[in-house]
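Biologist: I am new to this structure and would be grateful for a close look at one part of the model. Please begin with the surface patch and then proceed to the contacts between side chains.

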Amino acid sequence: MLSQLVFSRWFILNAILSVMHPIIRSTPLNDKLFGDNVHSRGLSYRELEILTFLGVVITMKARRIANSMELYSTVFKFCILANCVMFFLLDGKALMIYLLLWFFVYITAPELVYSGPEKAPLVDHVELLRLIAKDEASVGDAYHVVEFLCTWSPPCQFLAPEFATLSLRYATNGLGFAKIDAGRYPKAAKDFGIDTHANSKQVPSIILFKNGKEVRIFGKCTSKVYQKWNLQSPRLREQTVCASSYNIAVAAIETPHVTCAVN
């Protein structure tokens, strides 16, 4: 997955955009494009300040990110923003050309969307209720881990490969995985108390069901506060009937591959 990401068109073109200004200013391209009499080759003091501030911001953001796709996306976003500021300070025409290049990359090389194997089918509201319902003919408890997502949400896209890995690793007869587009089925989101507005901090959310009833809800699954789950897991196990499927579910949710923050 990582090699596929690094060699993708999205990664290569955004990497070029991220370092375009420093490369131009540090090479003979600077003299050809801007003239050595107006802007001497090399980064100015203000440009160095911007790059230093950029490094600090990226370092602070990276501490909260555990997903490689989310990390690269964040780095590219701030690097391109810094390039825009530096091109603006250098020359207005250069900024316009850079924005046109960015728009071309945005249109022709969108972010990668996970399309690999998984055991977490995308269901609608009716299928979800049918899926998590307790089958009277079945023996033992039935557990389901359901992700509520929105297709427009970048955190949901970042979580997709991790949730797929989770389902492939832990799905059993007593523990199922599923996903539902909460933006497309707002009634399902409302029934389970999940806000799907554009500024919502509750997508993606993961709910653990036991025989059709919520056992635990983990809101805003983004990046790093999975240590909170480890601190809560002993108490959580004491309050819940311990079954093999439940232990697998808790282990699955606590795995570092899916790092979620509790509301």
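Modeller: A nonpolar patch on the surface is formed by L81, V85, F88 and L89, which together have about 380 Å² of accessible area. Patches are made of residues with over 30% relative accessible area and no salt bridge, nonpolar side chains (Val, Leu, Ile, Met, Phe, Trp, Tyr) being joined within 5 Å and like charges within 9 Å. Accessible areas come from the Shrake-Rupley method with a 1.4 Å probe, and for residues only the protein chains shown count as cover. The model is predicted: local features need pLDDT of at least 70 and side-chain atom pairs count only at pLDDT 80 or more, while totals for chains, interfaces and linings use all residues. Residues are numbered from 1 along each chain as its sequence is written, and side-chain values use heavy atoms, with hydrogens and water left out.

Rings of Phe, Tyr and Trp (its six-membered ring) pair if their centres lie within 6.5 Å; planes under 30 degrees apart count as stacked, over 60 as edge-to-face and the rest as tilted. The count by this rule is eight aromatic pairs. In one of them, F11 and F76 have ring centres 5.3 Å apart and planes at 70 degrees, so the pair is edge-to-face. This pair links distant parts of the chain, with F11 in helix α2 (residues 9-26) and F76 in helix α5, 65 residues apart. Both F11 and F76 are buried. One aromatic cluster is formed by W10, F11, Y72 and F76.

A salt bridge is a side-chain nitrogen of Lys or Arg within 4 Å of a carboxyl oxygen of Asp or Glu, and the structure holds four of them. One is between E47 and R25, whose closest N and O atoms are 3.2 Å apart. This pair links distant parts of the chain, since E47 is in helix α4 and R25 in helix α2, 22 residues apart. Both E47 and R25 are buried.

Key: Helices (H or I, at least four residues) and strands (E, at least two) are DSSP runs, numbered from the N terminus. Buried means under 20% relative accessible area, exposed over 50%, partly exposed in between (1.4 Å probe, protein chains only).
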